[in-house]
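Here are my notes for when you have a moment with this one.

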Amino acid sequence: MTPSTVGVAAEQPARAGRVGWPQICLIDLHRDGLRQGPGGDAETELALQLAGVDRTVPLKVADIGCGTGASSLLLARLLRNARITAVDLLPDFLDVLRSRARQLEELELDVLWSEGTLCNMGFAKGVVDWRRFLKPGGLLVVSEITWTTASRPTQLQQPWQTEYPEIDLASAKIGLLEQHG
């Protein structure tokens, strides 16, 4: 069994444009942090277990929105036969990860992993667009912000509906995943 390798997608997506003040603040705030979002190693390992990923077979995995690579590196340790491709919009984050990463491989993935970043492109769009990167039988493993109740105070719901209209109940998100295979 050979150790996993982590590759870094060096290209910044074309629609990213130039880095502006909000991105500079985001980079400065998070560049030195282990993670750029919620959760930790225990949550990532639990999600991997719940997703039913077979750790014994060779896998190609993409960590989309990898930040500085905490999940990418953990997945490489947990999935010893995997090749992990780490992708992020912010080159500064990739530079941090690149210093630790070794290889990049073409996409036809067994697992596409994304913790808390799918909302940047929209959940429905991400589910549809990312499917093409998965080989038949591949797994899309994502975390997504959801409501836990069918009704909420207007003061809570209004800002979210303005900022992220796709926020919905977990059952609706699961339904969308089932609809798109």
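1. To start, which side chain makes a polar contact of 2.9 Å with the side chain of Glu-144? The partner is Lys-173. Please keep in mind throughout that this is a predicted model.

2. Setting aside neighbours within four places in sequence, the residues in contact with Glu-144 are Cys-119, Phe-123, Tyr-164 and Lys-173. Glu-144 sits in the loop between E5 and strand E6 (146-147). Is Glu-144 buried or exposed? With a relative accessible area of 19%, Glu-144 counts as buried because the cut-off is under 20%.

3. Glu-144 and Lys-173 turn up again in the lining of the second largest pocket, together with Phe-123, Val-142, Ser-143, Thr-146, Ala-170, Ile-174 and Leu-177. The volume of this pocket is about 190 Å³. Its lining divides into five nonpolar, two polar and two charged residues. Strand E5 (134-143) and helix H7 (170-179) each supply at least two of the lining residues, and H7 gives the most, with four.

4. Now for the overall layout. The protein chain has seven helices and seven strands, and along the sequence they follow the pattern β-α-α-β-α-β-α-β-α-β-β-α-β-α. Of the 181 residues in the chain, 35% are buried. Among contacts with a separation of 6 or more, 68% are between residues 24 or more positions apart.

5. Which residues touch the most other members of the largest nonpolar core? In this core of 14 residues, they are Leu-48, Leu-59, Val-61, Leu-75, Leu-79, Val-111 and Trp-113. Two or more residues come from each of strand E2 (59-64), helix H3 (70-78), strand E3 (82-87) and strand E4 (109-115). H3 gives the most to this core, with four residues.

6. Trp-113 deserves a look of its own. Not counting residues up to four places away in sequence, Trp-113 touches Thr-44, Ala-47, Leu-48, Val-61, Ala-62, Asp-63, Ile-64, Ser-71, Leu-75 and Val-141. A second, separate core has 13 residues, including Ala-62, Leu-109, Tyr-164 and Ile-167.

7. Gln-161 lies in helix H6 (residues 154-163). Gln-161 has 30% relative accessibility, so it counts as partly exposed.

8. Finally, where is Thr-117 found? Thr-117 is in the loop between E4 and helix H5 (123-130). Although it is a loop residue, Thr-117 is buried, at 17% relative accessible area. Apart from neighbours within four places in sequence, Thr-117 is in contact with Ile-64 and Gly-65. The C-alpha atoms of Thr-117 and Ile-145 are 9.7 Å apart in space, while the two residues are 28 apart in sequence.

Key:
Residues are numbered from 1 along each chain as its sequence is written. This is a predicted model: local features need pLDDT of at least 70, side-chain atom pairs count only at pLDDT 80 or more; totals for chains, interfaces and linings use all residues. Side-chain values use heavy atoms; hydrogens and water are left out. A nonpolar core is a set of buried Ala, Val, Leu, Ile, Met, Phe, Trp, Tyr and Cys residues joined through side-chain atoms within 4.5 Å. Buried means under 20% relative accessible area, exposed over 50%, partly exposed in between (1.4 Å probe, protein chains only). Contact means heavy atoms within 4.5 Å. On a 1 Å grid over the protein atoms alone, a cavity is a set of points where a 1.4 Å probe fits but cannot get out, and a pocket is an open set with protein on both sides within 12 Å along at least five of seven lines; lining residues have an atom within 4 Å of a point. Grid points are joined across faces, edges and corners, and a volume is the space filled by probe spheres set on the points. Ala, Val, Leu, Ile, Met, Phe, Trp, Tyr, Cys and Pro count as nonpolar, Asp, Glu, Lys and Arg as charged, and the others, Gly among them, as polar. A polar contact is a pair of N or O atoms within 3.5 Å; within protein, one must be able to donate a hydrogen and the other to accept it, and residues adjacent in sequence count only if both atoms are side-chain atoms.
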